[in-house]
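Hello,

Here is the structure I said I would pass on. My notes follow below it.

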Amino acid sequence: MGDRILLVEDDDPLGSQIVGHLRGAGFEPVWWREGRLLVSGELPDVSLVVLDLMLPGTYGLDMLKALRTFSEVPVLILSARNDTLDKVRALKLGADDYMTKPFWPEELVERVRARLRRPTLQKEQAVVEVGPLRIDLQGHTVQVRSRPVELTRVEFELLAALARRPQEAVTRQWLVEHVLDPEREGTERTLDVHVSRLRRKLGPVKCVETVWGVGYRLVPGEDA
Amino acid sequence: MKLRLRLALTAVAVTVPAVFALVQVEHSVRRRTTDEVIIESTLSQMQSGGRERCEAAPETWMVRSRSQRPPWEREGLPDGSSGPPSGSVAPDGPPERGPASGGPSPGNEGPPRSGGRGPLGRRLPPVSLYPFDGRFVSRNPQAPALDDGLRQGVRDDGVGVRRYSKDDGALVQDLLLRMPWEGGPCEYVLARRVEPAESPEVGLPPLSIWGVPTLILLSAMVVALGPVVQRLRRLTEEVRASSGSGYEQPVTVNGSDEIAELARAFQQARAEIQARMAHQQAREQTLRDFLANTTHDVMTPLTVLQGHLAAMQQRMRAGEPLESGLMLSAMSEAHYMASLVHNLGAAARLEAGAPQVQHAPVDLNALVSRVLGRHQPIARPQRIALESGVPATPTWVRGDETLLEQAVSNVVLNGIRYGREDGHVAVVLETTRQQSFNLRVIDDGPGISEEERSRILERRFRGNAARTREPQGQGLGLHIVHNVVELHGWKMTLAPSEYGGLEVAFTGPLTPPPE
């Protein structure tokens, strides 16, 4: 079973739907049908809280406020109200994210995953491994399936820039500004040439993916 | 209490104590000057033969003048008013000695009473003189007893003063004087003056003296207040009439006094109320129109959705497999409705104006992520790839999070709704070194002609054509986007994208990250 998630939602059909989807996505949901003003020690051992705002018993934001006095567990707010004041207040009180109803179950699952993934992404790693690719950011070496690959300075910087944010698209403009020498070859066309050389050197593994309209992204890749 | 009555009472309350205070001051001045006159005249009399006569027969010597009324009390003044000529002060210097009524004989020796005028322009009061020796003992058995106060006063200052009222209300004024010589039975002289109870010196001055000016003052105030009260009444009536007519009728009291000022203030308040009422009415009308228009907008996709659901139910009953196109269309309608309802909220807040718009720091990276997450479930079944690229660190701007999210959502939803199958929609967020951001939503859909692009930017969002569902109509979407961008002082451009579709770009300033 995956992470335990506390869902606080008073609406039965919506609650059971969310529970079903979270369970389907591999999480272990705990469902409370009303808000409670928690004190330290009353919060079950969960990795994330999905909290509705309009609750019987206790208003969601009050519950969040009480929760934040003793716990840093990520909280995702669910609200039918699309009011900025509510959102700003929720974020100020320590909510990590909010979703307005209606939403697609798929979106909720994605948001939960993103929130649970966030802490590991924030760490700057010395060595990034993406699929068969191993990039040593400090040693400036790259290996594909343990085979060293010789890269030029620009090619390595390009790969390192993508490796620092794996799975995320990096814009071409950013890459041009931060990787290429702006005085000599600072154009997107030059960037594309470097990318195509890099891809060739990395061999059949399709790790550097073109993101339509945006730029490039480092993915685990598949063999061609 | 009415204004006139209140003012009259106030005038009385102020005037009466003031008159009494003045009378007291006048009394005190009169006593002091009388003292001076008595002292001076007694000394002068004793020095011009009085001493000799006194020392010759101290057992019998005394001076008793006949009580003499001031002339105004005896015969009145020529102008008919009764009272001393106030304000006139008699010249200084020893009082002139007039002919004594009884001659300079002991027992009937006139003090400077006849013809001598007091400092306030009236005759001197009747005075009796009694001799005392150095031990304050008089050989004259008729002399009154001296008290300690008088003795002490004469030792300290050369003059002892005692005043008291007798049982019949007469005021007795005793002055014990040291004579400018030493020894003898007439070393001290007691000058006694008795002011009868009916004298103006005792008690209150007669009502005729202060009553008449007070009455005149009160009448003047009441008369002067007349026009003021009238103007106030007219103003009250006009203000009542104005409020009764829904503030249509103006207030016309004019002039340059405070009442006119009050009238002008009412006039300003009336203008303000009218403006607010007009604004309120306009808003209500707008909301009514808006509700009517948007009800139609929501009902249309709801009807389509009902149709799709009914078709699906029929297929299920007939045991036929569900058609994925039908399902996809139903999902799309539901998504569109959600977006419309959000747009209604956004439009209502935009219509309500500034107070409803909350400015706070907004992280555009998170906003883009939320917008993409929301639309992914509808883009994926349509085989439209939804991509995004944002900076590594949060991109902070200042704005209304809900409205901004709605604006970006609208542009992305348009890209998906009108995109082609296997197409793309990408959101690219970049920051510049000039502390501004550039957020672009690009697609490879059919795009919009140049004429249509400029029309979209010019049109206000309540046009009828804006509500159609066709690609050229864009629903409420782009018009709300336009208004939100304007509200935030950002810039928005619509241009053909390099991939053949549309590129919508927003630019605006960054803001420092919140603590």
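Chain A places 26 residues in contact with 35 residues of chain B, contact meaning heavy atoms within 4.5 Å. The area buried between the two chains is about 2800 Å², and carbon and sulfur atoms give 54% of it; buried area is the accessible area (1.4 Å probe) that two parts lose on being put together, summed over both. On the chain A side, T84(A), W104(A) and W212(A) lose the most area to chain B, together 29% of what that side buries.

This is a predicted model, in which local features need pLDDT of at least 70 and side-chain atom pairs count only at pLDDT 80 or more, while totals for chains, interfaces and linings use all residues. Residues are numbered from 1 along each chain as its sequence is written, chains are lettered from A and ligands numbered from 1 in the order in which they are written, and side-chain values use heavy atoms, with hydrogens and water left out.

Across the interface there are 3 salt bridges (a side-chain nitrogen of Lys or Arg within 4 Å of a carboxyl oxygen of Asp or Glu). R380(B) forms a salt bridge with E106(A), with the closest N and O atoms 2.2 Å apart.

Two backbone details in chain A:

- K101(A) and P102(A) are joined by a cis peptide bond, with omega about 0°.
- S146(A) is not a glycine, yet has a positive phi of about 70°. S146(A) counts as exposed because its relative accessibility is 63% (exposed is over 50%, 1.4 Å probe, protein chains only).

Regards

Definitions and conventions: Buried means under 20% relative accessible area, exposed over 50%, partly exposed in between (1.4 Å probe, protein chains only).
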